[in-house]
Amino acid sequence: MATALSADAQVGAIVTHHPVAASVFRHRRVDFCCNGRQTLATACAALALDPEELLAEVLEAEARQEPGAAPRDWTQAPLGELCAHIIGTHHAYLRVELPRLTLYIQKIAGVHGDEHPELAQIGQTFAALYAELEGHMAKEEQILFPMITSMETAAELNLSLPASHCGSVRNPIGQMEHEHDAAGGALRRMSELSDGYTVPEGGCATYRETYERLHHFEGDLFQHIHLENNILHPRAIELEASL
Ligand SMILES: [Fe+2]
Ligand SMILES: [Fe+2]
């Protein structure tokens with residue numbers, strides 16, 4: 001898998017081939033999911049970072065990795081398995097965590113909202129994101145993912161491109177990526193409002209738990225969007241072109 005480790009490589013491709021780069025980039029606030037197609041050099045220029053330093057951090061993180069701990073290489077796995085992994089891991093997580101986090105945010109906003117009016121804004125942003133993601137996952141599970149898996153089956157059976165009411169797979173993909181941009185914007189907003197999920201002085205245990213959960217939620221959604229934007233979608237477009 002080890003390719004694409006240079007300043008001219010796209011940040012999404014670096015994470016695809018070197019999955020440990022996700023945590024390095026996240027720590028340095030390099031957007032590798034919604035803006036995965038920017039090169040590392042471009043991303044670093046905007047953040048006043050040295051790309052060589054980040055590349056060295058990725059190599060160090062890789063060297064520290066336990067043998068056998070490397071995640072599955074989704075650039076080679078069947079697309080049907082990648083869709084099933086996204087549903088079983090990331091959609092399942094959202095279905096549990098979206099309602100749960102709503103309650104956590106409500107709780108701390110009720111107790112600390114007077115002193116911390118940003119909690120109400122975080123609550124509004126999260127509620128809008130919740131509604132968006134519910135519809136978004138339904139469209140992926142009912143339209144885009146079945147379209148991709150039937151293209152893959154057609155390729156295995158040497159058949160031509162199956163007819164779809166969506167036309168090209170590029171149409172639903174364009175819509176999904178547009179929605180990912182909106183979700184990325186909501187994550188940025190919540191991170192800014194919470195100062196990177198920093199618990200203020202006087203914040204109780206529930207405050208800390210809520211921010212830890214929100215921080216984890218952000219990381220999971222980054223990884224989820226990365227798998228779709230940087231691996232599933234380009235592979236589906238390539239597959240369609242081959243049929
Ligand atoms: Fe998804
Ligand atoms: Fe998505």
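The questions and answers below go through several helices and loop residues of this predicted model.

In this predicted model local features need pLDDT of at least 70 and side-chain atom pairs count only at pLDDT 80 or more, while totals for chains, interfaces and linings use all residues. Residues are numbered from 1 along each chain as its sequence is written, and chains are lettered from A and ligands numbered from 1 in the order in which they are written.

Q: How far apart are the end C-alpha atoms of helix α5, residues 79–112?
A: Helices here are DSSP runs (H or I, at least four residues; strands are E, at least two), numbered from the N terminus. The expected span is 1.5 Å times one less than the number of residues, so the 34 residues of α5 should span 50 Å. The end C-alpha atoms agree with this, being apart by 46 Å.

Q: At which residue of α5 does a kink lie?
A: The bend at a residue is the angle between axes fitted to the seven residues ending there and the seven starting there. In α5 this gives a kink of about 30°, shortly before the proline P99, and the residue is E97.

Q: Which helices do the buried residues of α5 pack against?
A: A residue is buried if 20 or more other C-beta atoms lie within 10 Å of its own, exposed if 12 or fewer, and partly exposed in between, with C-beta atoms placed from the backbone. The buried residues of α5 include L82, C83, I86 and L94. Contact is counted when two C-beta atoms, placed from the backbone, lie within 7 Å, and the helices that the buried residues pack against are α6 (118–156) and α8 (205–242).

Q: Is α6 oblique or roughly parallel to α8?
A: Axes are lines fitted to C-alpha atoms, for helices over the stretch in contact, and angles run from 0 to 180 degrees between N-to-C directions. Angles under 35 degrees count as roughly parallel, over 145 as roughly antiparallel, 65 to 115 as roughly perpendicular and the rest as oblique. The axes of α6 and α8 are 10 Å apart and pack at an angle of about 40°. That makes the relation of α6 to α8 oblique.

Q: At what angle do α7 and α8 pack?
A: Residues of α7 including I173, H180 and L187 are buried, and what covers the buried residues of α7 includes α6 and α8. The two helices α7 and α8 are roughly antiparallel to each other. Their axes are 11 Å apart, and the angle is about 160°.

Q: Which residues outside its sequence neighbours is L214 in contact with?
A: L214 is placed in helix α8 and counts as buried, because 21 C-beta neighbours lie inside 10 Å. Between L214 and S191 there are 9.0 Å in space, C-alpha to C-alpha, although they are 23 residues apart in sequence. Leaving aside neighbours within four places in sequence, the contacts of L214 are L101, M190 and Y197.

Q: What is the phi of R29?
A: Most residues other than glycine have a negative phi. R29 is in the loop between α2 (21–27) and α3 (40–47), and is partly exposed, with 13 other C-beta atoms within 10 Å. Although R29 is not a glycine, its phi is positive, about 65°.

Q: Is N158 buried or exposed?
A: N158 lies in the loop between α6 and α7 (170–193), and its phi is positive, near 60°. Because N158 has 7 C-beta neighbours inside 10 Å, this residue counts as exposed.
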